[in-house]
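Have a look at the model first, then read on.

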Amino acid sequence: MYHLSEVLFFPPVSEANYDGILAIGGDLSPERLQLAYRSGIFPWFNEGEPILWWSPNPRMVLFLDELIVTKSMRNILNRNIFKVTFNQNFRDVISNCQKIKRDGQNGTWISNNMIESYCKLHEMGFAKSVEVWENDVLVGGLYGVDLGHVFCGESMFSKVSNASKVAFIALVNKLKNENYKLLDCQVYNPHLESLGCREIERDVFMQILNNDEY
């Protein structure tokens, strides 16, 4: 495992260990975060612990044409219960992702320091959010890092049933219309799989990320 210094550098993702951990240390500066995502790497660690940088193999992704929208979900979308906006309230979205309780998790990896770092990325135009509203109340959303052809999803939240799914579907439709290649979802979970996400080899992910043919 590589120990990072103040120098903006990441080793090749092929150096990651079996669990996908590539490096430790460094900081969450906007410059380092941009380099990380462009290199197929993301931070994931618990508050109070050293920063861990990951590049898992396999990688969970969504090919945009493979999105699964169930009949019941289509009915919800057609009823226009929710309003969806983009980049209107980034800080509230990431703050809700930090606070929301998740099954099987005692806490969150989204520290206050991470919130400030990603808010800076948002101000620079690299981090984006999707907001879902019900009766003018923020009830769901997601955020991630936008690389122009790949969107790297980070976290989502839902205060009412299906709100995070609405955010996810709205994002995918937007990415399709703008000719993005992929939505990066990082690591496997069954909820993402139910939406059409699947695991691919890291080498394939890196080819797409680097705009190479695959």
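Start at Pro-43, whose bridge partner in strand 4 is Trp-53. Two bridges join strand 3 to strand 4 (residues 52-54), and the two run antiparallel. Strands pair when DSSP finds at least two bridges between them; strands (E, at least two residues) and helices (H or I, at least four) are DSSP runs numbered from the N terminus. Zoom out and you get an open sheet of four strands, ordered 1-2-4-3, with mixed pairing. Its edges are strand 1 (2-4) and strand 3 (42-43), each pairing on one side only.

A word on ground rules: this is a predicted model, where local features need pLDDT of at least 70 and side-chain atom pairs count only at pLDDT 80 or more, while totals for chains, interfaces and linings use all residues. Residues are numbered from 1 along each chain as its sequence is written, and side-chain values use heavy atoms, leaving out hydrogens and water.

Strand 7 (residues 127-134) has six of its eight residues buried, so it is largely enclosed by the rest of the structure. Buried here means under 20% relative accessible area, exposed means over 50%, and partly exposed is in between (1.4 Å probe, protein chains only). Strand 7 runs antiparallel to strand 6 (residues 83-86), with four bridges, and antiparallel to strand 8 (residues 137-146), with eight bridges. Trp-133 pairs with Lys-83 and also with Leu-138 in strand 8. Strands 7 and 8 make a hairpin with two residues between them, and Asn-135 in the turn has a positive phi of about 55°.

Trp-53 turns up again in the largest nonpolar core, which has 47 residues; Tyr-37, Ile-94, Tyr-118 and Tyr-143 are also among those with the most contacts inside it. Such a core is a set of buried Ala, Val, Leu, Ile, Met, Phe, Trp, Tyr and Cys residues joined through side-chain atoms within 4.5 Å. Helix 4 (residues 112-123) gives the largest share, five residues.

Now the rings. Phe, Tyr and Trp rings (the six-membered one for Trp) pair if their centres lie within 6.5 Å; planes under 30 degrees apart are stacked, over 60 edge-to-face, and the rest tilted. That gives five aromatic pairs, including these:

| Pair | Type | Centre to centre | Angle between planes |
|---|---|---|---|
| Tyr-37 and Tyr-118 | edge-to-face | 6.5 Å | 80° |
| Trp-44 and Trp-54 | tilted | 5.2 Å | 50° |

Tyr-37 is buried at 2% relative accessible area, and Tyr-118 is buried at 0%. Trp-44 is partly exposed at 32%, whereas Trp-54 is buried at 14%.
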